Amino acid sequence: MKIGNVIREHKKLAEECMELALIITQQLNKPKMDFEEEIIEEIGDVKWRLELIEKYYDNEKIEERIRYKKNRELTRT
């Protein structure tokens with residue numbers, strides 16, 4: 001594993017997450033404007049980058065965390 005690639009992939013993920021956060025914040029601050037297409041694009045970018053990063057982490061622990069969050073959300077409603 002080349003550490004340079006790992007660092008680059010993590011930086012790119014962080015960048016995409018910030019871009020998604022920015023466009024969502026813009027939508028919240030300007031509710032009369034429609035940023036749906038931009039949000040969709042950024043969600044796609046983040047999901048793609050996450051796929052690249054997940055190989056470095058324990059998939060079972062990730063899935064366990066997802067199940068926990070889903071179950072917690074279900075108990076709130």
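# Salt bridges, helix faces and a nonpolar core

Author: Glu-9 forms a salt bridge with Lys-55, and their closest N and O atoms are 3.9 Å apart. This is a predicted model, in which local features need pLDDT of at least 70 and side-chain atom pairs count only at pLDDT 80 or more, while totals for chains, interfaces and linings use all residues. Residues are numbered from 1 along each chain as its sequence is written, and side-chain values use heavy atoms, with hydrogens and water left out.

Reader: What counts as a salt bridge, and which parts does the pair Glu-9 and Lys-55 tie together?

Author: The term stands for a side-chain nitrogen of Lys or Arg within 4 Å of a carboxyl oxygen of Asp or Glu. Here Glu-9 belongs to helix 1 and Lys-55 to the loop between helix 2 and helix 3, so the bridge ties together parts that are 46 residues apart in sequence. Helices are DSSP runs of H or I with at least four residues, strands are runs of E with at least two, and both are numbered from the N terminus.

Reader: How many salt bridges does the structure hold, and where does the pair Lys-12 and Glu-15 lie?

Author: The structure holds three salt bridges. In one of them the side chains of Lys-12 and Glu-15 meet at 3.7 Å, N to O. To read such a pair, recall that an α-helix has 3.6 residues a turn, so residues three or four places apart point the same way. Lys-12 and Glu-15 are three residues apart in helix 1, and are therefore separated by about one helical turn. Lys-12 is partly exposed at 23% relative accessibility, and Glu-15 is partly exposed as well, at 33%.

Reader: Which residue forms a salt bridge with Arg-67, and what polar contact does the side chain of Glu-60 make?

Author: Arg-67 forms a salt bridge with Glu-60, with the closest N and O atoms 3.0 Å apart. A polar contact is a pair of N or O atoms within 3.5 Å; within protein, one must be able to donate a hydrogen and the other to accept it, and residues adjacent in sequence count only if both atoms are side-chain atoms. By that criterion the side chain of Glu-60 makes a polar contact with the side chain of Arg-67, at 3.0 Å. Glu-60 is found in helix 3, which covers residues 59-76, and is partly exposed at 48% relative accessibility, while Arg-67 is partly exposed at 42%.

Reader: How should I read the length of a helix, and which residues of helix 2 are buried?

Author: The expected span is 1.5 Å times one less than the number of residues. Helix 2 has 19 residues and reaches 27 Å from its first C-alpha to its last, close to the expected 27 Å.

Author: In helix 2 the buried residues are Ile-39, Glu-42, Val-46, Arg-49 and Ile-53. Seen down the axis, they fall within an arc of 95° (taken from the directions from the helix axis to the C-beta atoms), so they line one face of the helix. On the other side of helix 2, Glu-37, Glu-41, Lys-47 and Glu-51 are exposed.

Reader: What covers the buried residues of helix 2, and which residues make up the largest nonpolar core?

Author: The cover of the buried residues of helix 2 includes helix 1, and the cover of the buried residues of helix 1 includes helix 2. In helix 1 the buried residues are Val-6, Glu-9, Leu-13, Glu-16, Leu-20, Ile-23 and Gln-27. In soluble globular proteins, nonpolar side chains tend to be buried together. A nonpolar core is a set of buried Ala, Val, Leu, Ile, Met, Phe, Trp, Tyr and Cys residues joined through side-chain atoms within 4.5 Å. The largest one here has seven residues, namely Leu-13, Leu-20, Ile-23, Phe-35, Ile-39, Val-46 and Ile-53. Helix 1 (3-29) and helix 2 (36-54) are the elements that give two or more residues to this core.

Conventions: Buried means under 20% relative accessible area, exposed over 50%, partly exposed in between (1.4 Å probe, protein chains only). Contact means heavy atoms within 4.5 Å.
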